[in-house]
Amino acid sequence: MKKLWVGTNWKMTKTTEEGIQYFNELNELTKKIDDRIQLFFIPSFTSLYPIEKLTRNTRFNIGAQNMHWEERGAFTGEVSVLHLKEIQVDLVELGHSERRQYFNENDEQLNLKVKLALKHGIKPLLCIGENIIQKNNNETELVLRRQLSIALQDIPKEQLQHVLVAYEPIWAIGEEGIEAAPHYVHETHKLIKLIMQQQFGIEMPLLFGGSVNVGNFKEYLNCHAVDGLFIGRAAWDLRSFAIILNDIQEMLSNDKN
Ligand code: PGA
């Protein structure tokens with residue numbers, strides 16, 4: 001049975017104190033959750049060190065929201081893969097649309113970052129997705145092909161198997177986001193898996209993100225090409241996250257495979 005990845009990026013929200021409280025409560029809530037669910041969360045840089053220590057010997061993976069493409073150098077304000085490795089971070093989120101939009105991140109830089117993370121044994125979680133104009137112009141496939149081919153170019157297959165990809169259509173993310181129709185998510189996930197096969201000869205786990213909430217997550221998961229959920233707001237509030245996790249647990253219990 002494949003793993004189901006379920007996690008959240010805190011963006012610029014929780015303080016360390018709030019994060020520790022959140023983690024302690026979430027840890028309690030998930031004590032009995034199926035091993036097939038791989039839980040992860042991605043705090044801000046300042047919370048990573050204290051929270052990583054708490055997550056050791058738990059079932060949680062912990063990630064960073066970004067890192068630089070060089071190992072070291074004169075890059076004021078940046079965080080290196082070596083810093084992340086030193087504190088035993090499991091994964092690093094790369095290319096979230098907010099980083100692409102506000103910090104001009106591009107796929108060439110992401111390619112360097114993915115390679116560097118892999119070199120140091122940190123799992124890259126690469127975010128891809130089209131904006132609303134591209135969607136309306138029927139350019140979704142083109143955009144996704146381009147993002148994947150550049151961000152993952154020249155990476156051997158054995159390395160690619162350690163990469164996670166999150167499909168996050170930009171128009172579905174955040175307060176202003178429009179919830180994606182389940183059919184659209186399923187079709188696009190199947191397409192991305194096909195592109196992965198064609199371009200790399202391998203399928204990487206593919207998570208869906210963008211306004212995932214208690215009302216829609218079941219339908220999103222109801223497709224074999226959806227390997228997990230990358231949740232923002234609905235996971236920051238533990239009341240809604242608990243409902244989502246309990247229901248996933250129930251879905252898995254009914255699934256004998
Ligand atoms: P959201 O955020 O669930 O709040 O839309 C998703 C994301 O940005 O990854």
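Residue I133 is located in helix α6 (residues 132-136); helices here are DSSP runs of H or I with at least four residues, strands are runs of E with at least two, and both are numbered from the N terminus. The model is a predicted one, in which local features need pLDDT of at least 70, side-chain atom pairs count only at pLDDT 80 or more, and totals for chains, interfaces and linings use all residues. Residues are numbered from 1 along each chain as its sequence is written, and side-chain values use heavy atoms, with hydrogens and water left out. I133 counts as exposed because its relative accessibility is 58%, where exposed means over 50% relative accessible area, buried under 20%, and partly exposed in between (1.4 Å probe, protein chains only). Together with I132 and I178, I133 makes a nonpolar surface patch of about 280 Å². Such patches are built from residues with over 30% relative accessible area and no salt bridge, nonpolar side chains (Val, Leu, Ile, Met, Phe, Trp, Tyr) being joined within 5 Å and like charges within 9 Å. The areas were computed by the Shrake-Rupley method with a 1.4 Å probe, and for residues only the protein chains shown count as cover.

Charged pairs were examined next. Side chains of opposite charge can pair when their charged atoms come close. In the whole structure, 15 salt bridges were found, a salt bridge being a side-chain nitrogen of Lys or Arg within 4 Å of a carboxyl oxygen of Asp or Glu. One of them joins D34 to R36, with the closest N and O atoms 2.9 Å apart, and both of these residues are buried. In helix α7 (residues 140-151), E141 and R145 are four residues apart, about one turn of the helix, and their side chains form a salt bridge with an N to O distance of 3.1 Å. E141 is partly exposed, at 35% relative accessibility, and R145 is likewise partly exposed, with a relative accessible area of 24%. Helix α9 (residues 182-200) holds E187 and K190, three residues apart, about one turn of the helix; their side chains meet in a salt bridge of 3.4 Å, N to O. E187 is partly exposed at 37% relative accessibility, and K190 is partly exposed with a relative accessible area of 37%. Salt bridges that share partners also join K2, K193, E203 and D227 into one network.

Grid points are joined across faces, edges and corners, and a volume is the space filled by probe spheres set on the points. The largest pocket contains about 720 Å³ of space. Its lining comprises 26 residues, of which K11, M12, Q65, E98 and F103 are the closest to the pocket centre. Helices α4 (97-103) and α11 (233-236) each supply at least two lining residues, and α4 gives the most, with six. The lining of the largest pocket divides into eight nonpolar, 10 polar and eight charged residues, with Ala, Val, Leu, Ile, Met, Phe, Trp, Tyr, Cys and Pro taken as nonpolar, Asp, Glu, Lys and Arg as charged, and the others, Gly among them, as polar.

One cavity of 30 Å³ or more was found, and the largest cavity holds about 40 Å³ of space. The residues lining the largest cavity are G95, S97, R100, C127, I128, G129, E168 and I170. Two or more of these residues are given by each of α4 and β5 (123-128). By class, the cavity lining consists of three nonpolar, three polar and two charged residues.

Backbone geometry was also considered. Most residues other than glycine have a negative phi. N57, in the loop between α2 (45-55) and β3 (60-64), has a positive phi near 60 degrees and is exposed, with a relative accessible area of 82%. S211, in the loop between β7 (206-209) and α10 (217-221), has a positive phi near 55 degrees, whereas S211 is buried, at a relative accessible area of 12%.

Technical notes: On a 1 Å grid over the protein atoms alone, a cavity is a set of points where a 1.4 Å probe fits but cannot get out, and a pocket is an open set with protein on both sides within 12 Å along at least five of seven lines; lining residues have an atom within 4 Å of a point.
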